[in-house]
Amino acid sequence: MKIRLIQLLGMVGGACLLFLPSLCAESDTHVLQQRMLEMAQDDDPRVRFQTALSLGEVDLPEKVDALAIIARRDASDPWVRSAILSSVGAEAAPFLEVLIPEVDEKTKGVEALIGQLSKLVGTKGKTGDIRRLLSALSSESTSEPIQILALEGLSEGLNLSGSVVEGGSKLSDPLAELLAHPSDKIRSAAVGIASKVLPPDSPELTELIDRQIEQLKETDGDGKDQVQAAKILRLGSFSRVSASLSELLSSQSHDALQVAALDTLSTFNDPMVGTSIVDKWSQLGPQAKVRALKILLSRTDRALELLAAIGSEAIPANILDSQKQALLLGYPDETVAEKAKTLFAALPSEEDPELYQQYIEAVSLDGDRVNGKKIYVERCAQCHIAEGEGTQLGPDWSGLKSNTRETLLTSILYPNREVDPGFTNYILETFDGDIYTGVLAFSGPNSVILRRGGGQEDTILRKNIDYLEDTKMSIMPTNLEVGLSAQDMSDLLSFIETLQ
Ligand code: HEC
């Protein structure tokens, strides 16, 4: 009975405000508000749920207060969360403004709401709303995990929408506060947001960049401040920051600092980015090399630099595994694909029949599954799950027990012999010229998701996609056996064979 009443109330309230405002006396509206707030505090969870739903029809400023009351108590219930999300509608910022100061990360389920709604505020990109959210986050009573969550959500939303926020310089005050925050994570998230909202020539930004360049010269301490400074440099113009960044790639910088400098460099589209990375290749540490390669493959001009460097042996050809070769051979840009073809023709063939002979012994050797598991964790767990460890990107291994050791060996040595559809690697290029790869985990009307090993994925909006194609090669790389003896291989086979 009560539930019926709320449904009715919602409709009347909506009708009052949307269609017939003159017919609704002010006192009626007041009664409605009172009832709304009461029902939000009702003891019966079904009443609160129905209230959350019906509030979607209501267009009164107080509705966000009522929804926040329900959220604090019931956010752990996914149904209530969806009801709140849909009823909040365009009022995401005012709702977060009420909710955020009143909750902390211990309020169950509230993270999901705050993350999603902050993202929504970012996607909409309205200066007023972003300002309200940032101010709520700067309040002293807001807990740090909640701040980080909301900032990351907002940043993700701004990234997804991809458009410039108008009047963004109005946000420099609340942002300046967050950019100077003692927490690393909060500063990083604030940098992501500042890069989307602050105009590049604003005085706030110029001053911030100058301070970072000074910071980089201070080599004392554990180097964390330098890493942070290198990250913030992405907010500057390329001409202002490129020399400092390229200097950071020298062998005097530690690996993490080189990685930070590379990440920052990669946010610029200037053709000099590829050149400065290739020039410093031999000075890069191991982690930095992995990152550098990814960045070189991610745009046409950089891929051309990479191929030229491999051609001249400034960079060794063996850094390219089968997937990276496939990426270059199927590159959206013809010149890259052609150059790669010529270059790889000189390299040993993709499927080496002798490899099987080299490992055939593994089939009959006794295997040690403990060592096998170790190898699995190092080389396979980023895409397969076994005994509760790993991330599932490839197929479920539960059916593999029935395979013979010979067929398992073949699947490992020659991953491209048989590739199930759904597990091939795709190449995507956006109109901005950024390249992404991965299996096509989701292909919807508005966006696609490309997923890679280790649970990494990118969501790209359809409207930003210029090129999307299947390389027809497995995302499982060749060369997984490199460095393994026949005994190691036997151990790995034994581990897979004896999975429960
Ligand atoms: C980058 C991700 C990735 C890594 C790393 C990886 N795999 Fe795979 N694996 C896949 C995918 C995707 C498939 C399915 C497509 C295919 O058959 O190529 C697959 C298929 C297989 C299959 C065949 C399964 C079947 O159902 O027939 C075996 C066996 C296998 N992987 C073993 C391994 C082993 C052993 C390792 C580590 C040495 C490994 N994989 C590392 C992604 C990966």
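Arg-369 is partly exposed, with a relative accessible area of 28%, where partly exposed denotes the range between buried (under 20%) and exposed (over 50%), computed with a 1.4 Å probe and protein chains only. The model is predicted, so local features need pLDDT of at least 70 and side-chain atom pairs count only at pLDDT 80 or more, whereas totals for chains, interfaces and linings use all residues. Residues are numbered from 1 along each chain as its sequence is written, and side-chain values use heavy atoms, with hydrogens and water left out.

**Salt bridges**

- The structure holds 19 salt bridges, each defined as a side-chain nitrogen of Lys or Arg within 4 Å of a carboxyl oxygen of Asp or Glu.
- One of them joins the side chains of Arg-369 and Glu-387 at 2.9 Å, N to O; this pair links distant parts of the chain, with Arg-369 in helix α23 (residues 369–379) and Glu-387 in the loop between β1 (385–386) and β2 (389–390), 18 residues apart.
- Helices (H or I, at least four residues) and strands (E, at least two) are DSSP runs, numbered from the N terminus.
- Glu-387 also meets Lys-373 in a salt bridge of 3.2 Å, N to O, and because Lys-373 lies in helix α23 and Glu-387 in the loop between β1 and β2, the pair ties together parts that are 14 residues apart in sequence.
- Lys-373 and Glu-389 form a salt bridge of 3.6 Å, N to O, which links helix α23 to strand β2 across 16 residues.
- Through shared partners, salt bridges join Arg-369, Lys-373, Glu-387 and Glu-389 into one network.

**Backbone with positive phi**

- Glu-313, although not a glycine, has a positive phi of about 65 degrees; Glu-313 is found in the loop between α18 (300–311) and α19 (322–329) and counts as exposed at 70% relative accessibility.
- Asn-479 has a positive phi near 70 degrees, is found in the loop between β7 (465–474) and α25 (486–497), and counts as partly exposed at 41%.

**Cysteines**

- A search of the whole structure finds zero disulfides, a disulfide being a pair of cysteine sulfur atoms within 2.5 Å.
- Cys-380 is buried at 13% relative accessible area, and Cys-383 is buried at 14%.

**A contact across the sequence**

- Thr-127, in helix α8 (residues 127–138), is buried at 16%; Thr-127 and Lys-170 are 43 residues apart in sequence and 7.7 Å apart in space, C-alpha to C-alpha.
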